[in-house]
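This report goes through one protein model, from its overall make-up to a few individual residues. Please keep the sequence and the structure in view while reading.

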Amino acid sequence: MTRNTPSRSHGSSGKGARKGGAAKPGQVARPRWGKPSRPEATDRDGFTARTAPLAPEERAPQREQEPSRPARGERPERAEPAERGEAREGREGQPKGGARPRKQAVRPPRALRDGARASRAEAAPKAARAPKAPAVKAPTGDPLVGERYEVEVGPVAHGGGHCVARHEGRVLFVRHALPGEKVIARVTEGTTTSRFLRADAVEVLEPAKERIAPPCPFSGPGKCGGCDWQHVTPGGQRKLKAQVLTEQLAKLAGLTPAEAGWDGSVEPVGGKLPAGRVPAWRTRVQYAVDAGSGKVGLRKHRSHEIQPVDRCLIAAEGVTELGVESRDWPGVVSVETIAASGSSDRQVVLTPAPGAQLPLVELDRPVSIARVDEQGNIHKVHGRGFVRERAAGRTWRVSNGGFWQIHPEAPDTLVDAVLDGLDPQWGENALDLYCGVGLFAGALADRVGEDGAVLGIESGKQAVADARHNLAALENVRIECDRVESLLPRTGITATDLIVLDPPRVGAGRETVAHLAGLGARRIAYVACDPAALARDLAFFREGGYRLVSLRAFDLFPMTHHFECVAILEPVKGE
Ligand SMILES: C[S@@+](CC[C@H](N)C(=O)[O-])C[C@H]1O[C@@H](n2cnc3c(N)ncnc32)[C@H](O)[C@@H]1O
């Protein structure tokens with residue numbers, strides 16, 4: 001059985017160590033957020049645990065909008081009416097008797113205006129399993145698609161692997177280019193009345209020094225949309241990501257790298273590879289299937305068209321060795337392939353075409369099979385309904401393609417960065433928000449020990465079931481199933497020592513940040529996959545009296561424009 005065994009050197013605050021649950025006279029009853037009998041799932045929104053996006057993707061804008069804009073303002077949904085305080089969690093979530101004195105009431109949020117909230121659409125899984133045609137808005141103006149312009153390429157833009165260029169006063173977002181290059185850009189989207197155009201660099205007249213020949217034959221204008229930076233050296237890719245983060249921090253949080261406590265680098269993850277070798281890091285690949293040929297491929301950039309691939313270079317060996325790419329998949333819309341790290345578990349999640357029978361699946365390695373029904377629910381067909389991942393000293397059950405970091409080194413890298421930044425102490429209370437299958441909750445629970453307590457909140461029912469299973473041996477962890485923004489105000493929790501939040505791409509938003517800032521945590525770790533949402537939320541945290549003390553960025557999605565950040569915040573002194 002896993003026990004909490006934090007080293008006592010982690011700053012015992014004078015509380016006696018003790019084994020077992022019952023408080024002895026004079027000792028503090030722990031945990032203050034005790035493990036209740038398993039509560040019923042509280043998700044009222046009909047969320048099911050389904051696959052989180054395999055890689056964060058640029059969202060197709062609702063309307064033409066500069067890609068560097070944060071998610072704010074694009075949310076179609078408004079905040080739901082506040083729920084009243086009679087929710088079951090309210091009482092259970094309060095400190096138990098005998099706990100050290102805590103604040104009794106949540107500080108009222110500062111005067112924060114309406115902000116972005118995670119919408120159902122964002123929390124729900126990507127539509128990639130059963131793609132729907134996007135709503136088409138009739139364009140105005142004369143089409144410019146196919147026009148070729150010679151342009152000088154300017155800085156990299158946030159999202160989508162674009163650089164900014166101008167032609168006759170109009171902004172172009174150009175893919176397959178690099179800052180400082182002179183290229184021929186061929187327009188891929190836009191008309192004479194568009195505020196900006198999208199384009200691909202189809203000829204490079206003056207290359208940048210970071211340019212290389214793309215190792216992947218499926219990369220390039222009009223081809224696979226999975227990688228953005230195949231044409232860039234690994235160091236060059238990290239510099240581009242650092243430029244994006246620098247720009248977003250300045251624009252949305254008003255911070256320089258120095259003010260953010262960031263050394264300005266995006267840290268490489270994984271060992272150095274020989275020149276020209278592409279890191280095979282992607283342990284999950286969602287292939288689309290061409291309806292005519294039954295061959296798998298990957299979607300083109302901002303398109304439902306499929307680029308057939310017979311080998312994805314960034315796919316982990318465990319994915320490639322299954323042989324998904326060399327088979328035909330009649331009657332199937334998508335084939336999601338998962339290769340666990342730290343175990344030999346392999347799972348394939350198939351989405352059949354409406355009304356089609358699943359084909360007989362034979363692959364090159366033993367594999368579990370699941371299928372997605374027309375409501376998006378996942379059912380086990382053969383083998384296990386989960387894979388076992390290994391990270392942070394534990395084995396993690398992740399069911400049916402539920403969220404798990406894709407890079408095999410991501411979980412340990414992020415847990416280490418979070419623990420370094422928070423420096424959890426024995427006996428502290430911690431929140432793990434958007435906790436997935438419990439990764440950070442488990443790591444925090446070990447550090448705060450049995451005198452402390454960790455509450456995880458996650459909206460996916462299956463992820464919650466997995467988290468409860470994964471952390472069942474930890475008496476000091478409790479996992480609740482609901483949306484953070486609706487449950488947090490109902491927990492009755494008025495204060496905490498530490499918070500980890502790892503929201504989806506859209507970020508936490510103004511209201512959630514305001515609520516968190518009111519809990520008076522000693523430190524907060526914000527794990528973010530979108531630098532714009534992070535920078536926006538950092539500004540909200542500043543309004544709530546928190547300042548950024550350190551920021552690290554990790555290249556956990558090589559060859560793409562994505563990366564992951566860990567920001568550590570502390571209350572501004574005197575607040
Ligand atoms: C980026 S993942 C992080 C998961 C976990 N921290 C990890 O590292 O494995 C975000 C998680 O938040 C969940 N989620 C999305 N929107 C949510 C919301 N509004 N409230 C609670 N959880 C949410 C998703 O289901 C997903 O598991």
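## Burial and the annotated active site

A residue is called buried here if 20 or more other C-beta atoms lie within 10 Å of its own, exposed if 12 or fewer do, and partly exposed in between, with the C-beta atoms placed from the backbone. This is a predicted model, in which local features need pLDDT of at least 70 and side-chain atom pairs count only at pLDDT 80 or more, whereas totals for chains, interfaces and linings use all residues. Residues are numbered from 1 along each chain as its sequence is written.

The UniProt record, an unreviewed entry, places the feature "active site" at Cys 529; UniProt positions are given in the numbering used here, feature names are shortened, and annotations may be inferred rather than shown by experiment. Cys 529 sits in the loop between strand E20 (523-528) and helix H10 (531-543), where helices (H or I, at least four residues) and strands (E, at least two) are DSSP runs numbered from the N terminus. Because Cys 529 has 21 C-beta neighbours inside 10 Å, it counts as buried.

## Overall make-up

The protein contains ten helices and 22 strands, and 50% of its 575 residues count as buried. Two residues are taken to be in contact if their C-beta atoms, placed from the backbone, lie within 7 Å. Among contacts between residues at least 6 apart in sequence, 69% join residues at least 24 apart.

A closed barrel of five strands runs in the order E1-E2-E3-E5-E4, with mixed pairing; two strands are said to pair if DSSP finds at least two bridges between them. Neighbouring strands of this sheet are turned by 50° against each other on average, with direction ignored.

## A hairpin and two positive phi angles

Strands E14 (residues 386-391) and E15 (residues 394-399) run antiparallel and are joined by six bridges, with Arg 390 standing opposite Thr 395 in E15. The two strands form a hairpin with two residues between them. Ala 392, which lies in the loop between E14 and E15, has a positive phi of about 50° although it is not a glycine. Ala 392 counts as partly exposed because it has 18 C-beta neighbours inside 10 Å.

Asp 423 likewise has a positive phi of about 50° without being a glycine, and is found in the loop between helix H5 (410-422) and strand E16 (429-433). With 14 C-beta neighbours inside 10 Å, Asp 423 therefore counts as partly exposed.

## Packing of H5 against H6

Helix H5 packs against helix H6 (residues 439-448) at an angle of about 45°, with the axes 10 Å apart; axes are lines fitted to C-alpha atoms, for helices over the stretch in contact, and angles run from 0 to 180 degrees between N-to-C directions. Angles under 35 degrees count as roughly parallel, over 145 as roughly antiparallel, 65 to 115 as roughly perpendicular and the rest as oblique, so H5 and H6 are oblique to each other. At this contact, Pro 411, Val 415, Val 418 and Leu 419 in H5 meet Leu 439, Phe 440, Ala 443 and Arg 447 in H6.
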